[in-house]
Amino acid sequence: MLPRHSDPIAAIATAPGRGAVGIVRVSGQGLAALIEAVCGRPLKPREATYLGFRAADGSAIDQGLALFFPAPNSYTGQDVLELQAHGGPVVLQLLLARCLEAAAESDGVGPRLPGLRLARPGEFTERAFLNDKIDLAQAEAIADLIDASTEAAARSASRSLAGEFSREVRQLRDALIHLRMLVEATLDFPEEDIDFLQQADARGQLARLHEAVARVRQRARQGALLREGIKVVIAGQPNAGKSSLLNALAGAELAIVTPVPGTTRDVVSETIQIEGVPLHVIDTAGLRDSEDHVERIGIERAWGQIEAADAVLFLHDLTRAAASDYRAADEAIARGLTEKLPAGVPVIDVWNKLDAAPKGGAAAAADRERVSLSAKTGAGLDRLRRKLLEVAGWQSAPEGVYIARARHVQALGRVAQHLELASAQLDARAPALELLAEELRLGQNALSEITGEFTSDDLLGVIFSSFCIGK
């Protein structure tokens with residue numbers, strides 16, 4: 001490991017603020033002298049000991065539990081000391097400062113723990129990864145479990161942390177390595193009268209591997225959806241009921257609702273969940289030409305949110321659907337959506353005020369695919385929720401889904417592409433086995449990126465910097 005990965009580190013491992021219990025964590029090699037200085041006596045491995053934490057003059061900082069986990073049987077793979085004290089921020093800061101001070105004190109020969117420093121975000125988990133206690137997908141699952149916003153996301157992150165996702169990736173990698181071995185054997189023994197690829201049914205193996213990657217990729221997409229959710233923007237003309245729809249979906253009065261056009265002048269957002277999938281729903285200012293300076297700023301922000309959306313709810317007013325000027329304004333907004341939205345971003349036409357709409361109003365909208373509802377009464381909301389899950393790509397029965405990230409889905413996509421190119425080489429009239437072997441090698445590397453067996457230091461820096469300090 002690099003020197004910075006072997007320095008002893010310390011941090012407060014619990015969240016900022018007051019609580020019943022707070023934890024100070026230390027990781028490094030050779031903590032015995034530090035333990036003696038802070039705890040006043042040696043600690044039995046993996047046994048909680050109730051004692052007083054001592055200041056430099058021998059006075060008590062606090063009373064609590066101390067636990068010592070000798071290497072390599074610890075979270076980080078190094079010696080780990082955990083001090084559980086009362087969860088006041090001042091107490092924990094005093095205890096952390098005492099650990100740093102005691103490490104620098106001399107035991108008669110030199111400092112008790114030279115170089116002890118404050119840990120960076122995610123550094124404890126980074127050391128667990130570097131010391132082969134967990135792989136990279138499991139390390140990411142730790143952060144995802146902490147950050148989970150729904151029960152389904154927490155359960156999926158727990159499955160990934162237990163290694164389910166990693167096991168499937170390794171199974172794919174092992175099958176790919178076996179196929180590479182057959183290709184390499186054919187390349188190494190071209191003069192032999194043995195067709196290793198044909199005898200081992202290489203085409204069948206490649207087809208089965210491609211199907212297995214597709215299954216894992218689909219489950220990874222579901223896991224990424226559970227982790228990240230989708231951004232849904234509600235857009236439309238003033239007084240179409242956008243704020244009422246946000247309130248109805250959220251089940252709370254988040255946005256001000258009045259009969260006055262242009263009430264909403266800024267972005268109002270709320271995260272809701274449907275079947276465990278987080279949806280970040282954003283209410284925006286009504287889209288129209290306005291002379292009001294403040295309202296124009298709100299409309300500009302609305303278009304900015306629309307351009308960054310994963311899905312757009314284009315809200316229409318059924319009570320005004322028959323009016324020619326209203327239809328013309330709706331058509332202008334539709335053109336703007338077409339121009340500004342990236343290809344593939346779904347737009348759901350939502351026709352609101354079903355409870356007050358004349359029969360002719362509903363008929364006027366019948367030529368468009370739509371979801372008709374009443375934000376006021378709640379009629380039609382369930383259908384809209386199902387439609388949102390559909391456009392998000394969610395499939396029911398997610399019990400076997402594991403949490404995943406966009407980089408996992410992208411890596412699996414690259415694996416699928418390399419396997420397709422490998423299939424094309426194998427099916428060619430005169431297969432270029434060197435190219436076939438190269439595609440399989442690239443596919444293996446893409447799989448190894450997921451678990452961290454083949455990755456860059458830059459990627460590691462990005463991943464672990466997003467963790468909280470102390471984890």
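So, which ring does the charged end of Arg 25 sit over? That would be Phe 124, and the distance to the ring centre is 5.3 Å. Before I go on, keep in mind that we're looking at a predicted model.

There's another charge-over-ring case to show you. Lys 340 lies over the face of Trp 303, and here the ring centre is 5.4 Å away.

Okay, let's zoom out for a second. The protein chain has 17 helices and twelve strands. Of its 471 residues, 46% are buried. If you take the contacts with a separation of 6 or more, 67% of them are between residues 24 or more positions apart.

Now, back to rings. How many aromatic pairs turn up when you search the whole structure? One. It's Phe 165 with Tyr 402: the ring centres are 4.7 Å apart and the planes are at 25°, so we call the pair stacked. The cut-off for that is planes under 30 degrees apart.

Where do the two partners come from? Phe 165 is in helix α7, which covers residues 164–188. Tyr 402 is in the loop between α14 (381–392) and α15 (406–427). So this pair ties together parts that are 237 residues apart in sequence.

And are these two buried or exposed? Phe 165 is buried, at a relative accessible area of 1%, and Tyr 402 is buried too, at 0%.

That's what I had; go ahead and find that pair on the screen.

Methods: Residues are numbered from 1 along each chain as its sequence is written. This is a predicted model: local features need pLDDT of at least 70, side-chain atom pairs count only at pLDDT 80 or more; totals for chains, interfaces and linings use all residues. Side-chain values use heavy atoms; hydrogens and water are left out. Rings of Phe, Tyr and Trp (its six-membered ring) pair if their centres lie within 6.5 Å; planes under 30 degrees apart count as stacked, over 60 as edge-to-face and the rest as tilted. Helices (H or I, at least four residues) and strands (E, at least two) are DSSP runs, numbered from the N terminus. Buried means under 20% relative accessible area, exposed over 50%, partly exposed in between (1.4 Å probe, protein chains only). A charge sits over a ring if NZ of Lys or CZ of Arg is within 6 Å of the ring centre and within 35 degrees of the ring normal. Contact means heavy atoms within 4.5 Å.
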